[in-house]
Amino acid sequence: MRKIILAGNWKMYKTQAETLEFLKQFLGQLNETPEDRSVVLCAPFTALSALSKSLHGARIKVGAQNIHWEDEGAYTGEISGDMLRELGVRYVIVGHSERRQYFGETDATVNLRLKQAQKCGLIPILCVGETKQQRDAGETEAVIATQLEKDLVDVDQNNLVIAYEPIWAIGTGDTCEAEEANRVIGEIRKLLTNPNVTIQYGGSVKPNNVDELMAQPEIDGALVGGASLEPDSFARIVNFQPMA
Ligand code: PGA
């Protein structure tokens, strides 16, 4: 059975105070959220502690947005798995396209971070996806296959979430058509050794398209940026109702 996971990626948004304000308005909207799905919030490092402390008993799990591949050391600005675990973190995003694009993340460092996350008992959410240019050139499948091949060397597929995030769909309002996202995710699944890996779709997931996306047989959840920042819209997303 594949797990359904709806995860918010807050990126570099929300102070601690804003986090607590979000929770005040969000938690009450989860009372009727079906048990078939997990809810994760990937917050900035500075909000993780406040988030964990406020979630006692709530069904939200805490996620981070990066992890270094060493246990500790002289790596200014980085964060270790133990530091995250101590704050109650369970998930960590690895290889988001913004890190690949702006911070020099490569498939080699993505692979190291994935392995370290698993070693520390965290579940990594690996992001893969193509640029607009690559899609237009018909390279989508090849690009993703290469990312998976390099990123997943010696990675345990029993403790892994993958997010298919076409880069042209991130933060643009230009969602990938549900059938097309379903098709690409089906292709990703064929490349895995474990067919039960949860594979999310990410890229402009909104309250008005989540039902259609989640109705697709291959799509096991969503990684949500902009629409996870606002309590009502993220609540609507986690409370999606798959269309028959
Ligand atoms: P978006 O971001 O929902 O704002 O498009 C998704 C992501 O970057 O994970």
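Reader: What should I keep in mind about the model before reading any feature?

Author: Because this is a predicted model, local features need pLDDT of at least 70 and side-chain atom pairs count only at pLDDT 80 or more, while totals for chains, interfaces and linings use all residues. Residues are numbered from 1 along each chain as its sequence is written, and side-chain values use heavy atoms, with hydrogens and water left out.

Reader: Which residues come nearest to the ligand?

Author: A residue is near a molecule if one of its heavy atoms lies within 4 Å of it. Here 13 residues are around the ligand, and Lys11, His96, Glu165, Gly171 and Ser204 come nearest.

Reader: How is a pocket found, and what volume does the largest pocket have?

Author: On a 1 Å grid over the protein atoms alone, a pocket is an open set of points where a 1.4 Å probe fits, with protein on both sides within 12 Å along at least five of seven lines, and lining residues have an atom within 4 Å of a point. Grid points are joined across faces, edges and corners, and the volume is the space filled by probe spheres set on the points. The largest pocket has a volume of about 460 Å³, and of its 17 lining residues Lys11, Met12, Gln65, Arg99 and Phe103 lie nearest the centre.

Reader: Which helix gives the largest share of that lining, and how do its residues divide by type?

Author: Helices (H or I, at least four residues) and strands (E, at least two) are DSSP runs, numbered from the N terminus. Both α2 (45-54) and α4 (97-102) supply at least two lining residues each, and the largest share, three residues, comes from α4. For the types, Ala, Val, Leu, Ile, Met, Phe, Trp, Tyr, Cys and Pro count as nonpolar, Asp, Glu, Lys and Arg as charged, and the others, Gly among them, as polar; the lining then divides into seven nonpolar, six polar and four charged residues.

Reader: What lines the second largest pocket?

Author: The second largest pocket holds about 240 Å³ of space and is lined by 19 residues, with Lys11, Ile170, Gly171, Gly225 and Gly226 nearest its centre. Its lining divides into eight nonpolar, seven polar and four charged residues.

Reader: How many disulfides are there?

Author: A disulfide is a pair of cysteine sulfur atoms within 2.5 Å, and by this rule the count is zero. Cys42 is in no disulfide, since the nearest cysteine sulfur, that of Cys127, is 8.9 Å away.

Reader: Is Cys42 buried or exposed?

Author: Buried means under 20% relative accessible area, exposed over 50%, and partly exposed in between (1.4 Å probe, protein chains only). Cys42 is buried, with a relative accessible area of 0%, and Cys127, at 2%, counts as buried too. The backbone oxygen of Cys127 is also reached, at 3.0 Å, by the side chain of Arg100, a residue of helix α4 that is itself buried at 18%.

Reader: Which side-chain contact does Ser80 make?

Author: Ser80 lies in the loop between β3 (60-64) and α3 (81-86) and is buried, at 5% relative accessible area. A polar atom of its side chain lies 3.2 Å from the backbone nitrogen of Met83.

Reader: What phi does Lys14 have, and what about Ser204?

Author: Most residues other than glycine have a negative phi. Lys14, in the loop between β1 (4-9) and α1 (16-26), has a positive phi of about 85° and is buried at 17%. Ser204, in the loop between β7 (198-202) and α9 (210-214), has a positive phi near 55° and is buried at 8%.

Technical notes:
Polar contact = N/O pair within 3.5 Å; in protein donor to acceptor, adjacent residues only side chain to side chain.
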